[in-house]
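Please read the following note with the sequence and the model open side by side.

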Amino acid sequence: MNQSSAGHLLRLIRTGRATTRGELQRVTGLSRSTVGGRLDQLFRAGWVRESAGDPVEAPTGGRPAVRLRFDTQHAVVLCADLETRHARAALLDLGGTVLAEYSGALLINQGPDEVIERLAQWFALLLEKADVPLDAVCGIGLAVPGPVDARLGQVVQPPMMPGWDRHPIVETMRRAFTAQVGARAAEIPVLVENDANLMAYAEQREGYPDCSAFLLLKVSTGIGAGMVVDGEMYRGFDGAAGDIGHIRLGDHPDALCRCGSYGCLAAVASGRALAEQLTAAGVPTASGSGVREQLTVGQPDALRLARDAGRLVGGVLATVVTLLNPGVLVIAGDLAGPPFLTGVRESLYQRAMPRTTAYLQVVTSRLGERAGLTGAAAMVVESLYAPDRADRRLADMP
């Protein structure tokens, strides 16, 4: 990568490492004229703007330096967060501010073609609702409840997404969106990622930017973990990292999981598992969101089962925490409330070595239901404005 390129300067501006012309010169070692030329490229693209500095920055009475800022309103991102029975879509600016939002029932087991067609319809409605032209859309981000090979933009052997295995999601999304809004949609980049990964990415950036090892556990219909290491999502070799719901428990050999195996953690401690247990106890509950409703009203069986599930999950997390040594563990999803969190803490702190938990913060989500959307938008922005890709985009501009 050309360390003196306009894309490199953009990264310095976006991350706050250098926000004046003088700082850019000092950090890069470039001359004033070269920095000026690179900035002209960014100004013409509409990606960077100048604004007056804070008078406090010039306490001696001199004129404050003009600040350079990434213009988060020069384009928008369309994002969707898919659950097993529900989905949420939003139009966001490049800073993650939601401009329009839509949510509704959407069954993941209806298959990729039908689900993606519905999402394309929602996206078209969001643009109309916010009165935003299609030309302003720079990318589409999708959060899905299954393992994703990010290189291909495909889910791979997803237990909770029947019919989606290695489906060409990117191409299907472009076709469906093109059918809704016109040919320009075929040129829009589409990125796909696991929902827990994106939630972790959003939560780390929003609340714990200095945490170099960050872990998020999502417990809803299934159980999955997302990890952020040194500011980047950790996906593993081919996207399978974090699928801890399918770690097998030796003392539950008869629990059949959706993946076809017996004894998986998700088969006994997920929202789906607790819904089945509540129904068997005479409290009809259809899903993880139904369990959340029972917990909200303080249903005794739901409270007990959630705490028990937390203990089981905490036992598995003891191994994960020992391996990763995170500074923060966020509990998110339908079961992320006091009973489940209490159970996690009881088991985790009992089984993990004190050295690995001495400074560990175990907390609940800050972003709540918007974490997946926020993470999807951040993923698109980080991809499209990364130095090498930004330089290619600038070169293609007239």
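**Notes on the predicted model**

1. Arg166 counts as partly exposed because its relative accessibility is 46%; buried means under 20% relative accessible area, exposed over 50%, and partly exposed in between (1.4 Å probe, protein chains only). Arg166 lies in the loop between β8 (154–155) and α5 (169–181). Helices (H or I, at least four residues) and strands (E, at least two) are DSSP runs, numbered from the N terminus. Although Arg166 is not a glycine, its phi is positive, at about 60 degrees. Most residues other than glycine have a negative phi.

2. Residues are numbered from 1 along each chain as its sequence is written, and side-chain values use heavy atoms, with hydrogens and water left out.

3. Asp131 also has a positive phi, of about 55 degrees, and is not a glycine. Asp131 is found in the loop between α4 (112–130) and β6 (137–144). With a relative accessible area of 68%, Asp131 is exposed.

4. Which residues touch the most other members of the largest nonpolar core? They are Leu10, Leu24, Leu42, Trp47, Leu94, Phe214 and Tyr385, in a core of 51 residues. A nonpolar core is a set of buried Ala, Val, Leu, Ile, Met, Phe, Trp, Tyr and Cys residues joined through side-chain atoms within 4.5 Å. Helix α13 (residues 371–384) gives the most to this core, with nine residues. Apart from this core lies another, of 41 residues, among them Val219, Val291, Leu335 and Phe340. In soluble globular proteins, nonpolar side chains tend to be buried together.

5. Not counting residues up to four places away in sequence, Leu94 touches residues including Phe70, His74, Val77, Cys138, Val381 and Tyr385. Contact here means heavy atoms within 4.5 Å.

6. Helix α6 (residues 195–207) and α13 have axes that come within 7 Å and cross at roughly 85 degrees. The two helices are therefore roughly perpendicular, a term for angles of 65 to 115 degrees. Axes are lines fitted to C-alpha atoms, for helices over the stretch in contact, and angles run from 0 to 180 degrees between N-to-C directions. Among the residues that meet are Leu198, Met199 and Tyr201 in α6, and Ala371, Ala378 and Met379 in α13.

7. Is α6 mostly covered or mostly uncovered? It is mostly covered, with eleven of its 13 residues buried; Asp195, Asn197 and Glu203 are among these. At 1.5 Å a residue, α6 should span 18 Å, and its end C-alpha atoms are 18 Å apart, which agrees. The expected span is 1.5 Å times one less than the number of residues.

8. Helix α1 (residues 6–15) and helix α3 (residues 32–45) have axes that come within 9 Å and cross at roughly 80 degrees, which makes α1 roughly perpendicular to α3. In this contact, Ala6, Leu9, Leu10 and Ile13 of α1 meet Val35, Arg38, Leu39, Gln41 and Leu42 of α3.

9. Asp149, in strand β7 (residues 148–149), counts as buried because its relative accessibility is 7%. Not counting residues up to four places away in sequence, Asp149 touches Gln154, Val156 and Asp238.

Terms used. Predicted model: local features only at pLDDT ≥ 70, side-chain atom pairs only at ≥ 80, totals over all residues. Parallel < 35°, antiparallel > 145°, perpendicular 65-115°, else oblique.
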